[in-house]
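Please walk through this model with the coordinates open. The text goes from the whole chain down to single residues.

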Amino acid sequence: MSRVQHQEGYAVTRMWLLPVGEVCDKHLYGEHGELHQLVGMIEAEMWPQIGGQIAAGNVDLTEIVDRHSELEEYLDLDSPLLSVGIAGPLDNLDSIMPKGGIDLERSRRDLKERCPDCRELIKEAQG
Ligand SMILES: [Zn+2]
Ligand SMILES: [Zn+2]
């Protein structure tokens, strides 16, 4: 597991949400870890921090569960499914904050900038 780059705790959360073929394993493992982290934040009701990530365009709360399943399958992981505890809080979030959204072109741009492996995969995928 490559989770070394976020030891500072909850400061950085980023869902790429790109097709798995366009993201290198390192960044997919990272995204997977951040989904678990995000669920931890939801369970801890860290709404200001989560709201900050939403405002930054880094997370989409509606995609957590599906994206997690997709990444676990692709990376051949078998961590317990995201806690059942998030269903309740997520249902009640509407009154607290928007659920966020991801600009996929921004994900591509940032990954291409910071990672040669992702840059190559995105280039191949886009022909
Ligand atoms: Zn997992
Ligand atoms: Zn990468």
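Predicted model: local features only at pLDDT ≥ 70, side-chain atom pairs only at ≥ 80, totals over all residues.

Confidence comes first. The protein chain has a mean pLDDT of 82. Of its residues, 77% reach 70 or more. Residues 1–10 are another matter: there the pLDDT is below 50. Beyond near neighbours in sequence, that stretch has 12 contacts in the model.

Now the fold. The protein chain contains six helices and zero strands. Along the sequence the pattern reads α-α-α-α-α-α. The chain has 127 residues, and 25% of them count as buried. Contacts reach across the sequence. Take those between residues at least 6 apart: 79% of them join residues at least 24 apart.

Start with helix α1, which covers residues 25–43. It has 19 residues. From first C-alpha to last, α1 reaches 27 Å, close to the 27 Å expected at 1.5 Å a residue. Which residues of α1 are buried? They are His27, Leu28, Gly30, Glu31, His32, Glu34, Leu35, Leu38 and Ile42.

Step off the end of α1. Just after this helix, glutamate 45 takes a positive phi of about 55°. That is a positive value in a residue other than glycine. Glutamate 45 sits in the loop between α1 and α2 (47–55). Is glutamate 45 buried or exposed? Exposed, because glutamate 45 has 11 other C-beta atoms within 10 Å, and the cut-off for exposed is 12 or fewer.

Further along, look for a second case. Aspartate 76 is not a glycine, yet its phi is positive, at about 55°. Where does aspartate 76 lie? It is in the loop between α3 (64–75) and α4 (87–91). Aspartate 76 has 6 other C-beta atoms within 10 Å, so it too is exposed.

Finish at the last helix pair. Helix α5 spans residues 104–114, and helix α6 spans residues 116–125. Their axes come within 6 Å. They cross at roughly 130°. Which residues make the contact? On the α5 side they are Arg108, Leu111 and Lys112. On the α6 side they are Cys118, Arg119 and Ile122. As for handedness, α5 passes α6 in a left-handed crossing.

Technical notes: Residues numbered from 1 in each chain as written. Chains lettered and ligands numbered in written order. pLDDT = per-residue confidence, 0-100. Contact = placed C-beta atoms within 7 Å. Helix = DSSP H or I, 4+ residues; strand = E, 2+ residues; numbered from the N terminus. Expected span 1.5 Å × (residues − 1). Buried ≥ 20, exposed ≤ 12 C-beta atoms within 10 Å, placed from the backbone. Axes fitted to C-alpha atoms, helices over the stretch in contact; angles between N-to-C directions. Left-handed = near helix turned anticlockwise from the far one by under 90°.
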